[in-house]
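Please consult the sequence and the structure as they are shown below.

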Amino acid sequence: MGKSITKLVVVILIIALGAAVALCGFHIHMFGWDISYPSALDEDYGIRQGLDLVGGSSITYEAQAETVSDDEMQSVENVLRKRLDALGYSEATVSRQGEKKVRVEIPAIQDPQQAVETLGQTAKLTFRDADDNVVLEGSDVKSAAARYGRTSENGADQHYVELTLNDSGVQKFAEATEKAAARKSENKNYIAIKLDEETISQPMVDNAINSSSCIISGGFTSSTETNELATLINSGNLPFSIKDVELRSIGPTLGEKALETSLFAAGIGIILILLFMLLVYRLPGLMADIALIAYIAIVTFLMTWFRINLSLPGIAGIILSVGMAVDANVIIFARMKEELAAGRTIKAAVSAGFDRAFIAILDANVTTLIAAVVLYYFGTGPIQGFAITLGIGTVVSMFTAIVVTKFLLHQMVGLKISNPWLYGIAKRKEA
């Protein structure tokens with residue numbers, strides 16, 4: 001019994017401390033080290049807020065070409081969307097404005113010029129030989145990915161970037177690398193990768209490459225460098241150059257008090273849920289309330305740590321996953337009450353309740369996760385934001401219901417509390 005009390009108190013204190021840290025952050029200076037974690041509401045380092053909550057900046061780009069096709073403008077939209085997603089701005093919007101313009105709205109960045117710098121270069125991606133002749137264009141590249149491992153059978157593990165070319169790019173690249181390799185004696189056996197006139201990489205070529213994939217290696221000291229290069233290559237596949245022709249700041253579409261009002265409403269909702277679980281399920285409900293606080297702390301921590309954008313659809317995803325977390329506990333407790341009413345002991349009822357509810361909870365969460373993955377893969381902007389928060393919330397809700405609540409209830413069993421009223425039933429057969 002003593003061990004159960006100790007474990008219960010320790011876990012509750014950890015959950016309470018975790019919730020406080022997740023919401024308020026901390027900063028510790030000890031032994032010459034600065035250890036800090038930002039508050040969830042920190043404007044610079046906390047949870048990113050969407051356009052509808054905090055506003056941001058609007059950039060209008062115009063194609064620098066006399067004539068453009070719908071397919072080319074669609075390509076521009078796709079590339080800008082990929083850049084924003086790679087930078088973590090899944091809640092940003094990209095929309096066509098007329099025949100030759102595209103408008104990008106980025107949340108949380110109030111200075112439009114900073115927004116342009118954050119979005120990065122809008123130049124056309126080209127691959128050029130030592131004589132500055134274009135040998136490959138961005139449209140010839142399918143994708144670029146940062147990798148870590150061996151690039152040869154006897155080589156050491158290293159950071160590198162893997163390029164995947166389409167059919168037209170394979171032939172062009174084979175001819176270009178063959179010519180480049182032949183100029184090794186002149187020290188001109190390289191192919192420069194450029195965004196407009198700026199070189200972002202200049203890999204050396206030793207042999208002709210006649211393959212749909214190739215690697216860029218050597219000189220990379222971290223995954224940050226390879227990720228940056230891969231992102232620039234992936235986001236530079238524009239069919240022509242574009243120029244920012246209009247910059248302006250925009251206000252929150254839901255009003256300046258939208259976030260404050262939303263948090264207030266969420267707080268009231270959570271308090272009502274906590275009271276409902278406590279009044280209806282009593283002692284198990286109290287354990288579920290503690291697990292729900294752990295859920296809130298974990299979700300807040302993850303959203304702050306990964307700088308996830310939070311907009312109204314994202315809030316909807318979190319609320320939906322809160323409902324799933326509570327629903328999982330309701331299923332478990334309903335099974336427990338059935339077992340207790342049938343005359344089983346508290347310990348046996350708790351174990352049977354979780355065992356019988358597990359499949360139902362797992363099925364519900366797996367189907368929700370599948371929906372979240374599909375929404376994220378095929379959706380854009382706010383739809384992806386909803387999918388991200390729903391996916392995170394679903395995984396965390398399943399963890400807190402199956403692991404945290406179960407642990408807390410087993411510790412309560414160890415306290416030998418046997419009053420049936422505390423478990424939501426009128427009477428129970430003693431064993």
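Which residues make a nonpolar surface patch of about 800 Å²? The patch is made by Phe264, Ile268, Ile271, Leu272, Leu275, Phe276, Leu279 and Val280. Patches are made of residues with over 30% relative accessible area and no salt bridge, where like charges are joined within 9 Å and nonpolar side chains (Val, Leu, Ile, Met, Phe, Trp, Tyr) within 5 Å. Accessible areas come from the Shrake-Rupley method with a 1.4 Å probe, and for residues only the protein chains shown count as cover.

The model is predicted: local features need pLDDT of at least 70 and side-chain atom pairs count only at pLDDT 80 or more, whereas totals for chains, interfaces and linings use all residues. Residues are numbered from 1 along each chain as its sequence is written, and side-chain values use heavy atoms, with hydrogens and water left out.

One member of the patch, leucine 272, is found in helix H7 (residues 258–305). Helices (H or I, at least four residues) and strands (E, at least two) are DSSP runs, numbered from the N terminus. Leucine 272 counts as exposed because its relative accessibility is 54%; buried means under 20% relative accessible area, exposed over 50%, and partly exposed in between (1.4 Å probe, protein chains only).

Serine 57, by contrast, is buried at 0% relative accessibility. This serine is found in strand E4 (residues 56–63).

**Helix packing**

Helix H9 (residues 346–378) packs with helix H10 (residues 382–414) at an angle of about 170 degrees, and their axes are 9 Å apart. Axes are lines fitted to C-alpha atoms, for helices over the stretch in contact, and angles run from 0 to 180 degrees between N-to-C directions. H9 and H10 are therefore roughly antiparallel, a term for angles over 145 degrees. Their contact has 21 nonpolar, nine polar and two charged residues. In this classification Ala, Val, Leu, Ile, Met, Phe, Trp, Tyr, Cys and Pro count as nonpolar, Asp, Glu, Lys and Arg as charged, and the others, Gly among them, as polar.

**Salt bridges**

The structure holds 15 salt bridges, each a side-chain nitrogen of Lys or Arg within 4 Å of a carboxyl oxygen of Asp or Glu.

| Glutamate 105 | Arginine 103 | 3.7 Å |

Glutamate 339 lies in helix H8 (residues 312–341) and arginine 356 in helix H9, so the pair ties together parts that are 17 residues apart in sequence. Glutamate 339 is buried at 9% relative accessible area, while arginine 356 is partly exposed at 42%. Glutamate 105 is buried at 17%, and arginine 103 is partly exposed at 24%.

**Positive phi values**

Most residues other than glycine have a negative phi. Aspartate 132 has a positive phi, near 65 degrees, and lies in the loop between strand E7 (125–128) and strand E8 (134–137). Asparagine 187 has a positive phi of about 60 degrees and is placed in the loop between helix H5 (167–181) and strand E11 (192–195). Aspartate 132 is partly exposed at 37% relative accessible area, whereas asparagine 187 is exposed at 61%.

Notes:
Angles under 35 degrees count as roughly parallel, over 145 as roughly antiparallel, 65 to 115 as roughly perpendicular and the rest as oblique.
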